[in-house]
Each structure stands twice: as C-alpha cells, then as structure tokens.
Amino acid sequence: MKNNRVQRDFVSVHISDGEISNISVLKKKPSVMGNSVYRLTRTYWMSKNTKGFKRRLYELHDSAGKPTRFAILQYVVEGDVPIFTNVHGNTKTGNTPYVRTSKRVLADIGEHLDAGKRAKETFDVIFEDAGGMKHVSSPLELPRNTKQIYNVKQTQKSAVAGKDRDSMFQLIKACKDQQSLADPYIRVVQCAPEFCCICSSDLQLMEMDMFLTNPSECTIMGIDPTFNLGEFVVTPIVYKNLKLIHRRTGECPTFLGPVLIHQTKTERAFDFFASSIVSLRNTLADTLFIGTDDECSIFNSFSRYMPISKNMQCQRHVRLNLERKLHTLGINNPYTNQFIKDIFDKNVGLADCLTDTDFENKLLELKPIWNLRECESRKTTEPAFYTWFLKYKKT
C-alpha cells in the first residue's frame, strides 16, 4: 500500500452512552477547543499493483491531540479488479507474489528448530497449528515453503557463530589490554587447538611460591576440575595459607589460586595450564606436593613441569573410588565398611602408614584377611580386590 494523502478536519461530536450519536464537520478551527470538539484524521492508501484497491483510516483525537478509542478502518474495491501483491524485490525469475511471513510465525519456526525438529517436520506442525488448508486465516500465518525454514536455520547458525567470534575477540582484547596493567588477571588466552584461558594474580603466584615450594613449611597444591558447568570446564588451583588460622576451626584457610577455563579434560589442556603457571613464576617448578582427584591426566601433565612433586590424592576421592570398585565387584555392607576401615582407620589404617616399609608390611598382613572377606561376601573362590588394589592404589 502507498500512502496517498492525510486529511485533518475539526468536528463536533455528540457522544451518548459511550457511543457517537452525531458528528458534523466544522468549517474552521474553533478558537476554543470544547469538550465536544475533536480532530478527525483521515488517512488514504492505494495498492501499488491494483489501483482500484484502497484503504482508509478514520481516527478521532481529543483536544490534547491524544487518540480516542473511536476509529474506522475501511477497505474499498472499485470495480472488478484482481488483488495481488508485488513479487519480491530480489527475485530474478518468476512472477509469484511475495507475502511477508508474520514475525510470530518466524519466531515459532526458530523455537521448533531449537527443539531439534527438522525443516519438513517444522513446516507440517506450523501448518496444522494455523488451521490447515481449510481454516488458515491468512498467508501471513504460514511459512512459504521448507526453503524458508532452512534459511531461518542458517540465519540462526550464523548468529551463533558471529556471537562466538565476538566473544572470543572480546576476551583476547581484554587479555591484551590487561598486559599493560601492573597486575593483570587474564594472563593467557589460547584459541586453538582448543580454547583455554588462564586467570591469575601476582599475589596468588607469590603465595603459592611461598607455601608450595618450602620443605620446612609446605602445603599441597590442590587441583580439581569442575563438572557440568555449561560449555566449559573450570579447573582451579587451591592452596592453604599457612600464615593464617581460622578462629572457628583452628585450621589454615584454603585460598583460590590460578584458574584454567577450558573445554576438555585432556593432558594437552593440563599441559598448557602447568607450563603457563611455571612460565609466569619459574620457582613453582619446585612445587613439592600435588593433590588430585584421581585423574591421571592432571598429575601426568603437572609432573612434567614440576618434576620433584609427589602426587597426594584427595582422601575423599580415593575413598569414593574404593567404594565404587567394591560395589562393582559385588561386595556390599557390612563387608565394604570393613575394607574402608582397614584403609582409612585413624592411626592404624593403611593411609596412616609413615613409611613405605610400614605400608608394604601392613598390606601383606591384610592380604589373607581381604581375600577371605571377599570370598564370603561374593560367594566365590577367586578374590579380585586385593590384586586390583595392589596394582592401582599401592602408589
């Protein structure tokens, strides 16, 4: 539709019981706008393709110029003429009229695609929801074809890709900008072969050097990746601040150290973390103890850059792994608790052995006890837990 003209007049309107009972056009604008005087705005459109197809809109505005609730929309067809729309401006072949799909339908297409539906399935669902061929009210309520749905899908992919590129660029720029600061926090950003970002302050590195490399006063470098935290894995380093004592617990508080944000829990990612930490503070290569959650890839990577370190696995994780193995073998309570007590019982368990010799002797004493206990629990003559423990947990 093309707007032809707009005509404005002042009218006297008599309203009774909320309805217009009489309206008359004034010859000139009144000097005083009374309560019964309104401005009538008439807007005229004409179809670009069919000259005999017209649209008119009549609106009443009050003395302050605000639109009232009264309006008339009129369509006029002069003569027996066909009504059709233009072809799309970008079309190169064909004369098919172009009808713009409503925004609501485009939004519905996006939602169905996000839900994992295919283009053909999406087309069928929206077609049926609109009432099908018999009851659809307008072509605006339907996708034109499956090609349009494919186009929406491609637009979504491009938007996501563009957003990812923008986010990556912003992070790289933030890292570069912070290098001019006295104490930057975003230290290293790697884009390929996988995304990795290391965040750390100078204070964290200095305190780690103080508390992790001194044999006379040393704590453990704890490394524990997160689980199910969105698209990325976050692996923080933690350590105890030996200069502080918690008033309530009487223990040294745990502090957060450098953080790795990455995508996979592979040795390649942890190699990047370990090498970057040592490059930022060379003396951290002398770290004495590394505590992990039984993920071999972590210690394998860090031990390459901290060669004198020893792996101190987290007791809670070791205990959970042992319980899981016992359950897998079919060993249940009360036998499970007896195995755990032999290993972790305070002062007398395997975990509290002070020397390798004590550990070897204690483990040898437990061999017949464990084998007999497992045979009783599993009703078998071939025990397996001792052999497994000897191979995987002895070190």
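1. Glutamate 267 is partly exposed at 30% relative accessibility, where buried means under 20% relative accessible area, exposed over 50%, and partly exposed in between (1.4 Å probe, protein chains only). Its side chain meets that of arginine 304 in a salt bridge with an N to O distance of 2.9 Å; a salt bridge here is a side-chain nitrogen of Lys or Arg within 4 Å of a carboxyl oxygen of Asp or Glu. Arginine 304 lies in helix α7 (residues 296-305) and glutamate 267 in helix α6 (residues 267-280), so the pair ties together parts that are 37 residues apart in sequence. Arginine 304 is likewise partly exposed, at 46% relative accessible area. Helices (H or I, at least four residues) and strands (E, at least two) are DSSP runs numbered from the N terminus.

2. The model is predicted: local features need pLDDT of at least 70, side-chain atom pairs count only at pLDDT 80 or more, and totals for chains, interfaces and linings use all residues. Residues are numbered from 1 along each chain as its sequence is written, and side-chain values use heavy atoms, with hydrogens and water left out.

3. The salt bridges number 14 by the rule stated above. One of them joins aspartate 9 to arginine 42, with the closest N and O atoms 2.1 Å apart. This pair links distant parts of the chain, since aspartate 9 belongs to strand β1 and arginine 42 to strand β3 (residues 37-46), 33 residues apart. Both partners are buried: aspartate 9 has a relative accessible area of 18%, and arginine 42 has 16%.

4. Leaving aside neighbours within four places in sequence, aspartate 9 is in contact (heavy atoms within 4.5 Å) with Val25, Tyr38, Arg39, Leu40 and Arg42.

5. A further salt bridge is formed by arginine 104 and aspartate 108, whose closest N and O atoms are 3.2 Å apart. These two residues are four apart in helix α1 (residues 103-114), and are therefore separated by about one helical turn. Arginine 104 is partly exposed at 47% relative accessibility, and aspartate 108 is partly exposed at 22%. Elsewhere, a network of salt bridges links Asp183, Arg187 and Asp202.

6. Strand β1 (residues 2-16) pairs with strand β2 (residues 19-25) in the antiparallel sense over six bridges; two strands pair if DSSP finds at least two bridges between them. Opposite histidine 14 stands asparagine 22 of β2. The two strands form a hairpin with two residues between them, and aspartate 17 in the turn has a positive phi of about 55°.

7. Strands β4 (residues 53-61) and β5 (residues 67-77) run antiparallel and are joined by eight bridges. Phenylalanine 53 faces valine 77 in β5 as its opposite residue. Five residues lie between the strands of this hairpin, in which glycine 65 takes a positive phi near 90°.

8. In helix α2 (residues 119-129), the buried residues are Ala119, Thr122, Phe123, Ile126 and Phe127. Viewed down the axis of α2, they fall within an arc of 130°, so they line one face of the helix; the arc is that of the directions from the helix axis to the C-beta atoms. An α-helix has 3.6 residues a turn, so residues three or four places apart point the same way. On the other side of α2, Lys120, Glu128 and Asp129 are exposed. Just after the helix, glycine 131 takes a positive phi of about 110°.
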